[in-house]
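Please read the points below alongside the model.

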Amino acid sequence: MRNIIVEELNQKYIEDLDIEIVERKGIGHPDSISDGLGETVSHALCEMYMDELGGILHHNTDEVQITAGESDPHFGGGQILKPIDILLTGRGVHEYDGIKFPLERVAIESAKEFLDETIINLDVEADTVVECKIGQGSGDLVDVFSRQGAVSSNDTSFGVGYAPFSEVETIVNKTENLLNSKAFKAKHPAVGEDIKVMGLREKDNITLTIGCAMVSKFVDDRDAYISIREELKDIVSDLACKYTNRPVEVFVNTADDDTKKDESGYYLTVTGTSAEMGDDGSVGRGNRANGLITPCRPMSMEATSGKNPINHVGKIYNLLSNRIANDVVENVEGVKQINLMILSQIGKPIDQPRAATSQLILEDGYKLDDVNSKVENIIDSWLENISVITEDVVKGKAKTF
């Protein structure tokens, strides 16, 4: 029997709090780039090992470090003066059972491909230096998909999840997703990928503060810059109104100095990311596994991206917790909000956590006895089929940041 605990949560529903703060770092933020690189390299190594062995060898690539370069953006143009340094590190298996793997080449090629697809205006070969220092790891976890039963947890750690998203969480997430979509970039090429959205709800008043790197070659002058900035405010305001009836105020690039006539007063970049000129990045410093940073909710400080998808509970349990939470609120009548925490114990099967605890806020008229068994059954079913998380990660279907 799994140790599944269902209890009522003795706190206010998220929408009833007086203050709520939510953040999302967009895909072009240096921390998010690091997350993306870590996860991309892990996925590439999984494919390499699967092609050669039919199974995945132990690896963790969650130690990416970005050191910012230097740039000189100006209206209508600009140049990179010093490239961005990117260090891929962690552990992987370079040789196993007489087979030597081109680990460094695969890691670097996959990293460059990710950068090329993600930061549209970045010349990867000219503007970055990608170095691989992934060390030798242990050669276990071969043929894991053919093994009977669940593999053992690599650590004593925990994952957390919750559902549903609040209005502010939804708006913050949708805003960054829209502004960094390929369709939006095609219409608004001046909008870079380094976008940070900070949401604040004070009772019923929502404020969105957006930091958005502009691509200098697509901004002719100060007036053009201000016009783009004001258009972004209108676009985001219209989007927010689809998800709330509360009043929403939008601010974009509040550090701008509109008294300046030249580029010195504005958030201009050559490539669309601040990694070109001052902002460093590391895996795990940004969005949690659900894509948000939410100080009003339970959070794990564990970095999800780049960890191996076989037995690293720091990855698996964070992804699993969010899926379980969403499943519960969608399918168990009477559950208004759920917080979920799953704790592993090193060396024990990952489908047998030390504790899987759900904390519920119920709709009016419902009691814990009305939902207890249904919630417990959903948690138990997901744990029974925990390999689905691994399979989705390996197929690239799971988002980690």
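The numbered points that follow concern a predicted model.

1. Helix H6, which runs over residues 222–240, contains 19 residues, and the distance from its first C-alpha to its last is 27 Å, close to the 27 Å expected at 1.5 Å a residue.

2. The buried residues of H6 are Arg 222, Tyr 225, Ile 226, Ile 228, Arg 229, Leu 232, Ile 235, Val 236, Leu 239 and Ala 240. Their spacing may be read with the general point that an α-helix has 3.6 residues a turn, so residues three or four places apart point the same way. The cover over the buried residues of H6 includes helices H4 (167–179) and H5 (182–187), together with strands E11 (191–202), E12 (205–215), E13 (248–252) and E14 (268–269).

3. Met 214, a residue of strand E12, counts as buried because its relative accessible area is 0%, under the 20% cut-off. Setting aside residues up to four places away in sequence, Met 214 touches a list of residues that includes Tyr 225, Ile 228, Arg 229 and Leu 232, as well as Val 191, Leu 268 and Thr 269. Tyr 225, Ile 228, Arg 229 and Leu 232 are also among the buried residues of H6.

4. Glu 263 belongs to the loop between E13 and E14 and is partly exposed, its relative accessible area being 28%. The C-alpha atom of Glu 263 is 7.2 Å from that of Arg 222, although the two residues are 41 apart along the chain. Beyond its neighbours within four places in sequence, Glu 263 is in contact with Pro 73, His 74, Phe 75 and Leu 268.

5. Helices H7 (residues 313–331) and H8 (residues 368–384) pack at an angle of about 145°, and their axes are 10 Å apart; the crossing of H7 past H8 is right-handed. H7 contributes Leu 320, Arg 323, Ile 324, Asp 327 and Val 328 to the contact, while H8 contributes Val 375, Ile 378, Ile 379, Trp 382 and Leu 383. By class, the residues of this contact comprise eight nonpolar, no polar and two charged.

6. Asn 322 is also found in helix H7, and it is buried, with a relative accessible area of 12%. Not counting residues up to four places away in sequence, Asn 322 touches Val 160, Gly 161, Tyr 162, Ala 289 and Asn 290.

7. Some backbone geometry deserves a check, given that most residues other than glycine have a negative phi, and most peptide bonds are trans. The peptide bond joining Ala 163 and Pro 164 is cis, with omega about -5°, and Pro 164 is placed in the loop between strand E10 (158–163) and H4.

8. Two positive phi values also belong here. Asp 97, which is not a glycine, has a phi of about 50°; it sits in the loop between strands E7 (95–96) and E8 (99–100) and is exposed, at a relative accessible area of 69%. Lys 203, likewise a residue other than glycine, has a positive phi near 55°; Lys 203 is found in the loop between E11 and E12 and counts as exposed at 56% relative accessibility.

Key: Residues numbered from 1 in each chain as written. Predicted model: local features only at pLDDT ≥ 70, side-chain atom pairs only at ≥ 80, totals over all residues. Heavy atoms only, no water. Axes fitted to C-alpha atoms, helices over the stretch in contact; angles between N-to-C directions. Helix = DSSP H or I, 4+ residues; strand = E, 2+ residues; numbered from the N terminus. Left-handed = near helix turned anticlockwise from the far one by under 90°. Contact = heavy atoms within 4.5 Å. Nonpolar A, V, L, I, M, F, W, Y, C, P; charged D, E, K, R; others polar. Expected span 1.5 Å × (residues − 1). Buried < 20%, exposed > 50% of the residue type's maximum accessible area, 1.4 Å probe, protein only.
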